[in-house]
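This report describes selected helices and strands of the structure shown below. Please keep the sequence and the model at hand while reading.

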Amino acid sequence: MIIRQLVVIGSLLLAAVVLQTTVLSRLGLPGATPDLVVVTVVAVALALGPGPGALTGFLGGALLDIATPSDAIVGLASIVLVGVGLVVGVSLDRDEFNIWVTSLVAGAACGAAALATALLSAVLGSERIIWDVVPGVTLTTVLYGLILGRVMIPLVGLLSRRLVPEAYQD
Amino acid sequence: MPSRGIRITIATLLVASLTFVILDLRGGDGPLSSARAAASAVVGVLQKGANALVSPLSGASDSFSTWRDQVSQIAELKEEKARLSEELSATLSDRARARALDELLRVSSAGRYRITPAEVISVGPAQDFAWTVGIDAGSLDGIEKDMTVINGDGLVGRILKVNPTTSTVLLVVDTSSSVGGRVATTEEIGIVSGTGRQDSMEFQLLDPLAELVIGDALVTFGSRGGRPYAPGIPIGEVMDITGSAGQLARVATIRPFVDVSQLSVVGVIVRPPRDDPRDSVLPPRGGTAADESNDESEVAIDANAETDDEATVDDGEDASDADSSDSNDADADSANGNEN
């Protein structure tokens, strides 16, 4: 069961990272790049709980930081996304809310992740952060996260119900 | 409250993340570089595939026009579109790619750079505030760290990280990028630094008394051995100057020639030219471009004659320039020394 969960999480993340770096970042949308990886972490945390959610965050962050176009401090995104997976997994139950509420949570998670990453990298000495752009980037990433969440959360829910049915026998 | 197992998982993951941070901040070739090579190999293949699928659909095919002939190119493209409407969009994208390669060849032959062409396959997220892109050429293609990256419009950036099949390019507009620049047609040099915004860079002249006019074009000064930056590559033009001559804080705003949000085909300079190409690579505009009387830059001269007759002003200083550029090399190196 754990192996199957890992395979599902791994392929979801690989797809998310590739889509985010090749397609979403080149659309030329105003403000932020739609943060598909954060939304995937939220969706997994909702579907499978805080443990798998945090693991997804860790792996997704590591992949984002290590794979080609990134020049971020490796490990930073992992810390932020472990937090996202944990908080979402612990505080929300998958059946409790309607899809728009959970999509909004995905959007909020994107905003929080963007802010936390900016703060942490500034603390660690990055000179790249342009603070007067941060509010715009945060707002747009919330919006894009909400839209992506509306698609990704049901999709990941369906996939995990189909592929990891054991996690639903409680 | 989460169960004990989950708490242990979280703690383990956080400790692992922090280890990564520490390893990365410590610098050097730690265990992270092999992880990076492995991850980039897997992700790079997928990015390349995804890019091949997506590029005919995206607006990238409109992006190769140089800023000077965009209008005529739009008309040309419309005509082309009507004529070829039955052709597949893939054909159009191939054509655009060929045009971008033509432009790149023009620039590299004008400056006599030896280039390895590559395609941009991935772009870093905007919320990282880092202007980096991934290209589909790596150490197996002869790419090394700190090589210069150009396209048909001018300077794109330099190679930051190299993996076997992919590399990361630091774009000139990134805040951590600074390039030794020279005002075209004069000998004034300074440092061009990125501001993190895609349409503006800052230029600080080393000589505060030097003359600088809005519209002046900048080219790279070049570092010793052509790394990180080969000489003579167009960077951008002066849009605005704050402070007057003699003031220490005299900064010019530069608009880069390259549109970093629309990158597709780029060239990595694997061998810089023996001689500084001076201003011969600059696009012809308002008489700023000077032509050189040697055979290999004939392509550039032809382009000048085609679009702007005034542009073929012979600056007649080439012989003396070539001599003085050697003595200036030392200055350029100190200017470029800040980059890494």
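Two residues are in contact if their C-beta atoms, placed from the backbone, lie within 7 Å. The model is predicted: local features need pLDDT of at least 70 and side-chain atom pairs count only at pLDDT 80 or more, while totals for chains, interfaces and linings use all residues. Residues are numbered from 1 along each chain as its sequence is written, and chains are lettered from A and ligands numbered from 1 in the order in which they are written. Helices (H or I, at least four residues) and strands (E, at least two) are DSSP runs, numbered from the N terminus.

**Helices of chain A**

The axes of helix H1 (residues 2–22) and helix H6 (residues 134–163) of chain A come within 10 Å and cross at roughly 150 degrees. H1(A) is therefore roughly antiparallel to H6(A), a term that applies to angles over 145 degrees. Axes are lines fitted to C-alpha atoms, for helices over the stretch in contact, and angles run from 0 to 180 degrees between N-to-C directions. The crossing of H1(A) and H6(A) is right-handed, that is, the near helix is turned clockwise from the far one by less than a right angle. In this pair, Arg4(A), Val8(A) and Leu12(A) of H1(A) meet Val156(A), Leu159(A), Ser160(A) and Leu163(A) of H6(A). Residues three or four places apart in an α-helix point the same way because there are 3.6 residues a turn.

Helix H2 (residues 36–48) of chain A has 13 residues, which should span 18 Å at 1.5 Å a residue; its end C-alpha atoms are 18 Å apart, in agreement. The expected span is 1.5 Å times one less than the number of residues. In H2(A), 13 of 13 residues are buried (20 or more other C-beta atoms within 10 Å of the residue's own, placed from the backbone). Gly49(A), with a positive phi near 105 degrees, follows H2(A).

**Strand E5 of chain B**

Six strands of chain B close into a barrel in the order E1-E2-E5-E4-E3-E12, with antiparallel pairing. Neighbouring strands of this sheet are turned by 45 degrees against each other on average, direction ignored. Two strands pair if DSSP finds at least two bridges between them.

| Partner of E5(B) | Sense | Bridges |
|---|---|---|
| E2(B), residues 132–135 | antiparallel | four bridges |
| E4(B), residues 154–162 | antiparallel | five bridges |

Thr168(B) in E5(B) stands opposite Gly134(B) and also opposite Lys161(B). Ser167(B) is the bridge partner of Val162(B), and a hairpin of four residues joins E4(B) to E5(B).

Five of the five residues of E5(B) (residues 167–171) are buried, so the strand is largely enclosed by the rest of the structure. Ser167(B), Val169(B) and Leu171(B) point one way from E5(B), and Thr168(B) and Leu170(B) the other way.

Notes: Buried ≥ 20, exposed ≤ 12 C-beta atoms within 10 Å, placed from the backbone. Parallel < 35°, antiparallel > 145°, perpendicular 65-115°, else oblique.
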